[in-house]
Amino acid sequence: MARTAVVTGGSAGIGLATAEHLVRKGWNVAILARDASRLDGARRLLEGQGGRVLALGVDVADARAVDEAADRIERELGPIEAWINNAMSTVIAPADRISPAEYERVTATTYLSQVYGTLAALRHMKPRRRGAIVQVSSGLAIRAAPLQAAYCGAKFAVSGFTDALRSELIADDVPVSLSVVYLPAVNTPQSTWSRTHTGRDQVIPDPLFDPRLCARAIVSAIDDPQREIWVGRTSVVMAVAQALAPGLADRRAAAMRKAQLGAPMPNRAGNLFEPIAGPARIDGDGGDRVTGFAGEFFTSRQRHLARLALVLGGLGLAFAAGRRADSGMRTLGRSRRGWR
């Protein structure tokens, strides 16, 4: 019997790539998004690959609507085994040119949507004592960037909420997994939908990665749950730089301000409050800039192994140095006896 997964923001970009990957693996998939025409296109695309798909028009910033969607998915597709919180929105602007209403909306769609999705999933998963919840985050939740204050703040909040909840599940012995996937810059249509107050087009700086790589990493967190996954080398570099040299990371991030600004254009309202009509597509317009390889993501388990290897390597070097020092002392002792 096919298992059931839910993908928010599932009508385009990373969400659609993830839904497609799940359908190809034999899952039933429910996709949640706002635009009816794009949802219908995504549904037809996924059903064309043999999947059983439920497309629901939901604003994931509405907690009641998310709860009702979860109940309908359980009735029509079966028990929810995986829930992927992927929906987001942003405003590209200096922090002091983003209005309180815009901060509130970005927080609702990017942070609170993950809270509401997680709570809806837990309501069904906890009694069954099984399930996987995946929070789709960003390298910008580790190292914030200029012109992205609203989005970065919301993504940082996701990490805090998830860590707190994970500790509660451990304390209550609830075997529902919680994973956070940190994404790099990705070639999706999202940059053509974002609200801007810069007078310029938004540019996603290189290196740019394939949405399907992100989808593989997200689905891997269902099949083999990990605490955290970093996709692409840039996410790893951002995490290391922020941990070891945050001041230097500040200065490097400052250079990203100019890199995000493209050709002059009028400010864009974007999809912050209302969806923008368009086709259901995975890729953006930067296909010629895409880099990386199919398995370029790194897990917290690999990080632990790397740390262990460093510790063991350090102990080995210390032991070898001690042996050399001990050998040197013995040689010196023999030499001194020879002088007497």
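Colleague: Does D173 count as buried or exposed?

Modeller: Take the cut-offs: buried is under 20% relative accessible area, exposed is over 50%, and partly exposed lies in between (1.4 Å probe, protein chains only). D173 has 54% relative accessibility, so it counts as exposed. Before we go on, this is a predicted model: local features need pLDDT of at least 70, side-chain atom pairs count only at pLDDT 80 or more, and totals for chains, interfaces and linings use all residues. Residues are numbered from 1 along each chain as its sequence is written, and side-chain values use heavy atoms, with hydrogens and water left out.

Colleague: Where does D173 lie?

Modeller: D173 sits in the loop between α5 and β7. Helices (H or I, at least four residues) and strands (E, at least two) are DSSP runs, numbered from the N terminus.

Colleague: What is phi of D173?

Modeller: Most residues other than glycine have a negative phi, and most peptide bonds are trans. D173 has a positive phi, near 55 degrees, and is not a glycine. L147 is another such case: its phi is positive, about 70 degrees, and it is not a glycine either. L147 belongs to the loop between β6 (132-138) and α5 (149-171). At 6% relative accessibility, L147 counts as buried.

Colleague: Which peptide bond is cis?

Modeller: The one from D206 to P207, with omega near -5 degrees. P207 is in the loop between β9 (200-202) and β10 (208-209).

Colleague: Give me the chain as a whole. How many helices and strands are there?

Modeller: The chain has 10 helices and 14 strands. Of its 340 residues, 49% count as buried. The accessible surface comes to about 15900 Å², and 57% of that belongs to carbon and sulfur atoms. That area is from the Shrake-Rupley method with a 1.4 Å probe; for residues, only the protein chains shown count as cover. Now contacts, meaning heavy atoms within 4.5 Å. Among those between residues at least 6 apart in sequence, 78% join residues at least 24 apart.

Colleague: Now a helix. How far apart are the end C-alpha atoms of α3?

Modeller: The expected span of a helix is 1.5 Å times one less than its number of residues. Helix α3 (residues 63-76) has 14 residues and should span 20 Å; its end C-alpha atoms are 20 Å apart, which agrees.

Colleague: Which residues of α3 are buried?

Modeller: V66, A69, A70, I73 and E74. They cover an arc of only 135 degrees around the axis, which puts them on the same side of α3. The arc is that of the directions from the helix axis to the C-beta atoms. On the other side of α3, R64 and R75 are exposed.

Colleague: What covers the buried residues of α3?

Modeller: The cover includes β1 (4-8), β2 (28-33), β3 (53-57), β4 (80-85) and α4 (100-128).

Colleague: And what is found at the start of α3?

Modeller: A side-chain oxygen of D62 comes to within 3.1 Å of the backbone nitrogen of R64. The rule for a polar contact is a pair of N or O atoms within 3.5 Å; within protein, one must be able to donate a hydrogen and the other to accept it, and residues adjacent in sequence count only if both atoms are side-chain atoms. Just after α3, G78 takes a positive phi of about 115 degrees.

Colleague: How many aromatic pairs does the structure hold?

Modeller: One. The rings of Y182 and W230 have their centres 6.3 Å apart and their planes at 15 degrees, so the pair is stacked. The cut-offs: rings of Phe, Tyr and Trp (its six-membered ring) pair if their centres lie within 6.5 Å; planes under 30 degrees apart count as stacked, over 60 as edge-to-face and the rest as tilted. Y182 lies in strand β7 (residues 177-183) and W230 in strand β11 (residues 228-231), so the pair ties together parts that are 48 residues apart in sequence. Both Y182 and W230 are buried.

Colleague: What does S137 contact, beyond its neighbours within four places in sequence?

Modeller: K155, V180, V181, Y182 and L183. S137 is in strand β6 and, at 2% relative accessibility, counts as buried.

Colleague: What does the side chain of R268 reach?

Modeller: The backbone oxygen of S191, at 2.8 Å. R268 is in the loop between β12 (261-264) and β13 (290-291). With a relative accessible area of 16%, R268 is buried. Leaving out residues up to four places away in sequence, R268 touches S191, T192, W193, S194, R195, T196, D201 and Q202.
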